[in-house]
Amino acid sequence: MSERVLITGGYGFVGSHLADAYLEQGYSVRVLDNLDPTVHGSSNKAPTYLSKDVEFIRGDIRDTDTLVASLKDVSIVSHHAAAVSVVQSMSNPSRFAEVNTLGTARLLELLTDRNRFPIRKLIVPSSMSIYGEGLYQAGGNEVTPHLRSKEQLESKSWEILSNGEVCQPVHTPETKPSRPTSIYAITKHDQEEMALAIGEASGIPTIALRYFNIYGPRQSLCNPYTGVAAIFSSRLLNGNPPVVFEDGGQLRDFVHVSDIVQANILATINDSIDQGVYNIGSGNPVSILEVAERLIRLFEFHGEPSITQTARPGDIRHCYADISKAAKELGYRPKAIFNDSLKELIGWVSTQTATDNFDAAYKKLNLTG
Ligand SMILES: NC(=O)c1ccc[n+]([C@@H]2O[C@H](COP(=O)([O-])OP(=O)(O)OC[C@H]3O[C@@H](n4cnc5c(N)ncnc54)[C@H](O)[C@@H]3O)[C@@H](O)[C@H]2O)c1
């Protein structure tokens, strides 16, 4: 009989691609998801993209009875249900703490009963947001900076400074101390630490995958706070230019969802690692302005990005992944080519009805600069 995997949040962007991949690999797949309206819109209907072979339990990760039913005969738990948004988490900290921290705690509490739920592997998605700023160098030394001050941002000086010198960003390894700067990041940090602690204490092989900026088809287009590629695409689809904060020079690591899937499958099949934390990115820094410009070209939009020269509170300047640990220990090799994958993304976006909720969200921001 095939092994059963439970994917919490399996109707979401990442979870749904994982469901496809696990089925393809011969696993039985069960999805637990509450079809959160902030992700799936208010229609209350399940998206049509999941295979009929997926068993669906509609329910909330915080509900113990639902979790007990979901965990029956499961050998792998892929815990992807979460409230996902840095910006929203700052105005709704209790929802984020409940879903991400308490929801994970409820799941872990059940998993400590190894006789009742003898799972073989727990995979938890963590996030690059737990680092805060990425790693930098100045004068030959490593620098792990705090956020830029309000005064600095008001003077439109965007780069990280150390003793007046501009620090150079470098690839961020897992060893960089975490310095979460939003409620979302704090809850992701909690989730990772709790899963590793319970995993260690209860003998559950547990792997935390720190995802960088994921893009690809099925990313929510109705949420103005999720991935930048999806937000820019929704804007362009509605005839509006992408809005780029600061000067657009912020460096990020865009990783295609197929590479995220690759990392999860590798983590699932690897039986030699009992505990581990891995950066999962592309390893290639790309500026936000470049993403906007590439999408403008691909959409054949006649216009320029709107560069605000203002900073969003809590935003970091640069962070991109050092993926050498995942390469060495998991055999992870990102394969997606950025421009080709953006083309695929806009092909998908063009088949969707995307509401551009950006302007309303933008008005709520307290901008610096
Ligand atoms: N997308 C990214 O760039 C990114 C980056 C780093 C980490 N992550 C992490 O990866 C995971 C998946 O992210 P995603 O982008 O697929 O998000 P998503 O919002 O597309 O999917 C999350 C899914 O969880 C479900 N959900 C939310 N609250 C729930 C609850 N209380 N009970 C049951 N289900 C619930 C939603 O309905 C949704 O289907 C999350 O844990 C997120 O923190 C994502």
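## Salt bridges

The structure holds 16 salt bridges. The model is predicted. Side chains of opposite charge can pair when their charged atoms come close.

Aspartate 36 and arginine 95 meet through their side chains in a salt bridge, at 3.2 Å from N to O. Aspartate 36 lies in the loop between β2 (28-33) and α2 (37-40), and arginine 95 belongs to helix α5 (residues 93-111), so this pair ties together parts that are 59 residues apart in sequence. Aspartate 36 has a relative accessible area of 17% and is buried, because buried means under 20%. Arginine 95, at 22% relative accessibility, counts as partly exposed.

## Glutamate 192 and arginine 210

A salt bridge also joins the side chains of glutamate 192 and arginine 210, with an N to O distance of 2.6 Å. Glutamate 192 is in helix α7 (residues 183-202), whereas arginine 210 is in strand β11 (residues 206-211), so the pair ties together a helix and a strand at positions 18 residues apart in sequence. Glutamate 192 and arginine 210 are both buried.

## A salt-bridge network

Arginine 317 forms a salt bridge with glutamate 246, and the closest N and O atoms are 2.9 Å apart. This pair links distant parts of the chain, 71 residues apart. Arginine 317 is found in the loop between β17 (306-307) and α11 (324-330), and glutamate 246 in the loop between β13 (243-244) and β14 (251-256). Both arginine 317 and glutamate 246 are buried.

Arg317 and Glu246 also belong to a network in which salt bridges share partners. The network joins Arg148, Glu159, Glu246, Asp247 and Arg317.

## Aromatic pairs

The structure holds 7 aromatic pairs. In one of them, tyrosine 11 and tyrosine 49 are tilted, with 6.4 Å from centre to centre and 40° between the planes. Tyrosine 11 lies in the loop between β1 (4-8) and α1 (13-24), and tyrosine 49 in the loop between α2 and β3 (55-58); the pair links these distant parts of the chain, 38 residues apart. Tyrosine 11 is buried, with a relative accessible area of 9%, while tyrosine 49 is partly exposed, with a value of 26%. Ring pairs also link Tyr11 and Tyr49 with Phe56 into a cluster.

Phenylalanine 96 and tyrosine 184 form an edge-to-face pair, 6.5 Å from centre to centre with 90° between the planes. Phenylalanine 96 is in helix α5 and tyrosine 184 in helix α7, so the pair ties together parts 88 residues apart in sequence. Phenylalanine 96 counts as buried at 0% relative accessibility, and tyrosine 184 counts as buried at 10%.

## A charge over a ring

Lysine 325 lies over the face of tyrosine 278. The distance from the ring centre is 4.7 Å.

## Helix crossing

The axes of α1 and helix α9 (residues 257-269) come within 10 Å and cross at roughly 55°. That angle makes α1 oblique to α9. The crossing of α1 past α9 is right-handed.

How values were computed:
Residues numbered from 1 in each chain as written. Predicted model: local features only at pLDDT ≥ 70, side-chain atom pairs only at ≥ 80, totals over all residues. Heavy atoms only, no water. Salt bridge = Lys/Arg side-chain N within 4 Å of Asp/Glu carboxyl O. Helix = DSSP H or I, 4+ residues; strand = E, 2+ residues; numbered from the N terminus. Buried < 20%, exposed > 50% of the residue type's maximum accessible area, 1.4 Å probe, protein only. Phe/Tyr/Trp six-rings, centres within 6.5 Å; stacked < 30°, edge-to-face > 60°. Lys NZ or Arg CZ within 6 Å of the ring centre and 35° of its normal. Axes fitted to C-alpha atoms, helices over the stretch in contact; angles between N-to-C directions. Parallel < 35°, antiparallel > 145°, perpendicular 65-115°, else oblique. Left-handed = near helix turned anticlockwise from the far one by under 90°.
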